[in-house]
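Here are some notes for a colleague opening this structure for the first time. Please keep the view at hand while you read.

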Amino acid sequence: MVPPSEPPPASSPETGAPTIDAGTLAVARRVKGFMPDDEGLALHRAGVLGAAVGPLLEIGTYCGKSAVYLGAAARAGGSVLFTVDHHRGSEENQAGWEHHDAELVDTRTGRMDTLPVFRRSMEDSGLEDVVVAILGSSTTVGRWWTTPLGFLFIDGGHAEDVALADYVTWAGHVAPGGILAIHDVFEDPAGGGQAPFRVWQRAVADGFVPVETTGSLRILSRPPARSGP
Ligand code: SAH
Ligand code: MG
């Protein structure tokens, strides 16, 4: 029996059918990362809506925690998730920084390498056929990207210039009616770094419409294209 404290799995707005099964959700919950379950489920639900518009793309894979929530959304919507990361960690993941994890260091070189763990997360969640890993710097990949997106999730480096560069490089690819999600948005500096909040402010100024906030996760949508002359 599911304990009453467990949030129910997400379900399709049209059919009411579950969009993430218990096994996949269990993997999402146990994979290492930076995505509380309530935010992961909100991300998942937004991903299901975005999947109806076009492919999903995530910046910041790490060990694949959010990629499980989003990969399940891609599967439910008959879409695909691209997830971009160089897998060398952000500044804040390096040795001596707050979010460092010594288990994610390649002992051969002493450098961070989250790719092997990510691969296991996809295997364990059964999402290898809907999640496509792109190994590289987000701005390098974005420079050559041309496909309109139904859903974009920005969760890469949190330094001011890095976060803004991700937004500037990728936001233009969100299709009309598509969704933009930004993680680690803290309006109050006491909560955390301000870069994602600046990105959110910039997105609103650019015409993205805020639709939902769950913890530090902000969901926005790009208004649908106006029909007619
Ligand atoms: N979404 C993850 C957490 C991402 S942590 C989760 O659910 O747990 C941020 C990730 O962004 C790190 O893995 C880091 O390697 C990656 N990253 C930071 N800057 C990047 C850049 N410029 N290009 C590609 N990946 C980057
Ligand atoms: Mg994050």
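1. Start at His173. This is a predicted model, and His173 is buried in it, because its relative accessible area is 17% and buried means under 20%. His173 sits in the loop between α6 (160–170) and β7.

2. What does His173 touch, leaving aside residues up to four places away in sequence? The contacts are Gly142, Trp145, Thr146, Thr147, Pro148 and Leu149.

3. Go on to Asp184. This residue is found in the loop between β7 (174–182) and α7 (195–205). Most residues other than glycine have a negative phi. So this one deserves a look in the view, given that general rule.

4. Is Asp184 buried or exposed? Asp184 is buried, because its relative accessible area is 15%, and the cut-off for buried is under 20%.

5. Next, His87. It has a positive phi, near 60°, and it is not a glycine. His87 lies in the loop between β2 (81–85) and β3 (105–106). With a relative accessible area of 2%, His87 counts as buried.

6. Now helix α3, residues 65–76.

7. How many residues of α3 are buried? The count is 10 of 12, so the helix is mostly covered, with buried meaning under 20% relative accessible area. The buried residues run through Lys65, Ser66, Ala67, Val68, Tyr69, Leu70, Gly71, Ala72, Ala73 and Ala74.

8. Gly78 follows α3, and its phi is positive, near 65°.

9. Last, the hairpin of β8 and β9. Strand β8 covers residues 209–214 and strand β9 covers residues 217–221. The two pair in the antiparallel sense, over 5 bridges.

Key
Residues are numbered from 1 along each chain as its sequence is written. Chains are lettered from A and ligands numbered from 1 in the order in which they are written. This is a predicted model: local features need pLDDT of at least 70, side-chain atom pairs count only at pLDDT 80 or more; totals for chains, interfaces and linings use all residues. Side-chain values use heavy atoms; hydrogens and water are left out. Helices (H or I, at least four residues) and strands (E, at least two) are DSSP runs, numbered from the N terminus. Buried means under 20% relative accessible area, exposed over 50%, partly exposed in between (1.4 Å probe, protein chains only). The expected span of a helix is 1.5 Å times one less than its number of residues. Two strands pair if DSSP finds at least two bridges between them. Contact means heavy atoms within 4.5 Å.
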